[in-house]
Structure formats: C-alpha cells, structure tokens
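Visitor: I am new to this structure. Please show me how to read its features.

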Amino acid sequence: MEMESKILYAFRGWIGFVAFMDLGITAKSFIEKRSFLTKDLIDYNDEEYTTSRILGMFSLLKALVLIYSTLYIHYKPVVELGRWSLAVTIFLYLSETVYFHASSLNPTVIFPCVLNIVTLIAMFYLPNKLDIWRLGGLNDDENIQLFKQAGAIKRRKHAKKRELF
C-alpha cells in the first residue's frame, strides 16, 4: 500500500506539472500576439490576435480541469473530464498541424502534444492499476489533511513574522 500511495502522489505531481505547462501557454498566448499554432509571420493587428487569446482561454480551462483531476483523482467523473480535456487538446494540436496545416510541425507543437499523450495514457492506466476507486477510493480526509498542513505552514510563517516585530 505504501508503494501505491507514492506512485499516486508522483502521478498527481505529474498532472500538476502538465497543468502548470498549460498555465504557461495561457500566459504566453496573452503576452505574444502570434500563437504557436500559426505558421505565418505576418504583422498582426488586434483583430488577428483572437486566435492566440482563444488558445489562451482553452489552455486555462484545461489547466483548471487538470488541477481538479489532481485534487479529486478518487472521483471517476473528474478523472474522465481530465481525460477528455487531454484528448481534445491532442486532437487540436494534431488537426491544426497535420490536417489544416495552420502550423508547422516544430518543437513548440510536438512537446506539448507528446506531454499530453503520455499523460493521457497514464490517466487510463494508473487509476485502474492502483485501483483507487475500490471501496470509495481515497477519502476526502487526505485532501483536507493536505489543506490543513498548508494552512499550518502559513500560520507558522505569520507567527514568526509577528515575533520579529
């Protein structure tokens, strides 16, 4: 059981990493006018900036879904939602590059696509392998305990700051 919980924590960390990558794509989409899913290096004006903003909002939504999948991995519907968000993202990247030719097949497209494929495979394999859904899976006490620990750390930091003053 100890090994299973270590694998589960590592897997949750991996999903969190993928969500963090999507938050980076969100930030990049709002900072740069040119989306990495566009091929042409034309001079963009505000009307043509829409594609990049849509990709940014899509990435933000996907990151939020993956964060919830990490926190509530013991609920099947939440994991299913995470799987679907990964599948739709993979479909988006591949269709834009292979079918529509809106982008060239470059590392900025390949890396997120491979990262999402690996995560999707793991999201199908690991929850069933670890059998986290048997007998209700993990209980909410685990998440509550993690939140309490985070709150205790914050309280200790604030208490140390008060002692200094």
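**Helix, cavities and pocket**

Guide: Start with α3, which has 24 residues and reaches 33 Å from its first C-alpha to its last, close to the 34 Å expected at 1.5 Å a residue. That expected span is 1.5 Å times one less than the number of residues. Helices (H or I, at least four residues) and strands (E, at least two) are DSSP runs, numbered from the N terminus. This is a predicted model: local features need pLDDT of at least 70, side-chain atom pairs count only at pLDDT 80 or more, and totals for chains, interfaces and linings use all residues. Residues are numbered from 1 along each chain as its sequence is written, and side-chain values use heavy atoms, with hydrogens and water left out.

Visitor: Which residues of α3 are buried?

Guide: First, the general idea. An α-helix has 3.6 residues a turn, so residues three or four places apart point the same way. Buried means under 20% relative accessible area, exposed over 50%, partly exposed in between (1.4 Å probe, protein chains only). In α3, the buried residues are V79, G82, R83, S85, L86, T89, I90, Y93, S95 and T97. Their cover includes α1, α2 and α4.

Visitor: Why does S95 count as buried?

Guide: S95 counts as buried because its relative accessible area is 11%. S95 lies in α3, residues 76-99. Contact means heavy atoms within 4.5 Å. Leaving aside neighbours within four places in sequence, S95 touches F100 and H101.

Visitor: What lines the largest cavity?

Guide: I25, K28, S29, E32, R34, S35, F36 and S52 line it. The space is about 40 Å³. α1 gives the most, with three residues. For classes, Ala, Val, Leu, Ile, Met, Phe, Trp, Tyr, Cys and Pro count as nonpolar, Asp, Glu, Lys and Arg as charged, and the others, Gly among them, as polar. This lining has two nonpolar, three polar and three charged residues.

Visitor: Where is S52 found, and is S52 buried or exposed?

Guide: S52 is in α2, residues 50-71. At 1% relative accessibility, S52 is buried. Beyond its neighbours within four places in sequence, S52 contacts S29, E32, K33 and S35. A polar atom of the S52 side chain lies 3.3 Å from the backbone oxygen of E32.

Visitor: What about the second largest cavity?

Guide: The second largest cavity also holds about 40 Å³. Its lining is V18, M21, D22, I25, K62, P112, L115 and N116. α1 gives the most, with four residues.

Visitor: And which residues line the second largest pocket?

Guide: M21, G24, I25, K28, F36, P107, T108, F111 and P112 do. The volume of this pocket is about 160 Å³. α1 (2-31) and α4 (107-130) each supply at least two lining residues.

Conventions: On a 1 Å grid over the protein atoms alone, a cavity is a set of points where a 1.4 Å probe fits but cannot get out, and a pocket is an open set with protein on both sides within 12 Å along at least five of seven lines; lining residues have an atom within 4 Å of a point. Grid points are joined across faces, edges and corners, and a volume is the space filled by probe spheres set on the points. A polar contact is a pair of N or O atoms within 3.5 Å; within protein, one must be able to donate a hydrogen and the other to accept it, and residues adjacent in sequence count only if both atoms are side-chain atoms.
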